[in-house]
Amino acid sequence: MLKDLVMNSRSYRGYDESYVLSKEDLEALVDITRYCPSTMNKQPLKYYIAYQKEEVEAILALTKWAGALPELHLPYEGCHPIGFIIICQDLNIHQSMSTFSRDAGIVGQTMLLAVCEKGLGGLMIGSFQKDGLKALLKLPDNIDIHLVLAIGKPKENIVLTDVLDNQTNYYRDENNTHYVPKRSLNDIIIKK
C-alpha cells in the first residue's frame, strides 16, 4: 500500500479549481506532521495554511513552477491549486534553517502522501520569492520559510517512465501528458 501511495504521489501542476478544500482539511494534514521525526526532537516547524481563493492566488503569484518546462508557464489558467501549506521554522526554537531542512522535506512528503491517500494531489515548491511571501503572509521576524506545498484535485495525467540515456528531465507530449523518467533499481543500488 505504501508503494502505491508513493507511486501515485506525483508533482501535480494542474488542478480542478471547482474542488472545495476547507481549513479543516488543511489542518488535518498539518496535524499528521506532529508525529514525524524531528532533528534533536526540537520540533521548530510551523505551518501557514491558505484556502481562500484570493490569498491562494496571491501566494501562487510568488511561486515558480516546472523549472524544466519554463515555456509552458505552469500552472495553466483555470488549473490553479486550491490551497497551500507553507512550511516554516520558528527561529526562536532554533536559529539554523539548514539543520532542519531535512525535517521540512520529511513533513512535506508526509503531507503529500496523506493528500494522495485522500485522492488529491500536490506539489512541493522550493522556488518562491521568500521576502515577498513573508510580507504577504505578514509573518513575524522569527518565522522563516522552508517550502511551499500546493494542494488540490489533480487535473492532469502523469506517467512514470524509464530513464533513457541518463536523461531525467520531465517532459510533456502533444496531448499535455506529463512524463517523469525514473532510474531503475539496478541503476541506484551501489554494487561491490
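Glu27 is partly exposed in this predicted model, with a relative accessible area of 37%. Its side chain meets that of Lys23 in a salt bridge, at 3.9 Å from N to O. A search of the whole structure finds seven salt bridges.

- Lys23 and Glu27 lie four residues apart in helix α2 (residues 23-33), so about one helical turn separates them.
- Lys23 is partly exposed, with a relative accessible area of 37%.

- The side chains of Lys46 and Asp90 form a salt bridge with an N to O distance of 3.1 Å.
- This pair links distant parts of the chain, as Lys46 belongs to strand β1 and Asp90 to strand β2 (residues 83-90), 44 residues apart.
- Lys46 counts as partly exposed because its relative accessibility is 36%.
- Asp90 counts as buried because its relative accessibility is 9%, which is under the 20% cut-off.

- Arg172 and Glu156 meet through their side chains in a salt bridge of 2.7 Å, N to O.
- Arg172 lies in strand β6 (residues 171-172) and Glu156 in the loop between β4 (143-152) and β5 (158-162), so the pair ties together parts that are 16 residues apart in sequence.
- Both Arg172 and Glu156 are buried.

**Salt-bridge network**

- Glu17, Lys53 and Glu57 are linked in a network of salt bridges.

**Largest pocket**

- The largest pocket holds about 200 Å³ of space.
- Its lining consists of Thr33, Arg34, Cys36, Pro37, Ser38, Gln43, Leu45, Lys46, Tyr47, Asp103 and Val107.
- The elements that give two or more residues to this lining are β1 (45-50) and α4 (101-117).
- Strand β1 provides the largest share of the lining, three residues.

**Nonpolar surface patch**

- Leu185, Ile188 and Ile189 form a nonpolar patch on the surface, and together they have about 320 Å² of accessible area.
- Ile188 counts as exposed because its relative accessibility is 54%, which is over the 50% cut-off.

Terms used. Residues are numbered from 1 along each chain as its sequence is written. This is a predicted model: local features need pLDDT of at least 70, side-chain atom pairs count only at pLDDT 80 or more; totals for chains, interfaces and linings use all residues. Side-chain values use heavy atoms; hydrogens and water are left out. On a 1 Å grid over the protein atoms alone, a cavity is a set of points where a 1.4 Å probe fits but cannot get out, and a pocket is an open set with protein on both sides within 12 Å along at least five of seven lines; lining residues have an atom within 4 Å of a point. Grid points are joined across faces, edges and corners, and a volume is the space filled by probe spheres set on the points. Patches are made of residues with over 30% relative accessible area and no salt bridge: like charges are joined within 9 Å, nonpolar side chains (Val, Leu, Ile, Met, Phe, Trp, Tyr) within 5 Å. Accessible areas come from the Shrake-Rupley method with a 1.4 Å probe; for residues, only the protein chains shown count as cover. A salt bridge is a side-chain nitrogen of Lys or Arg within 4 Å of a carboxyl oxygen of Asp or Glu. Buried means under 20% relative accessible area, exposed over 50%, partly exposed in between (1.4 Å probe, protein chains only).
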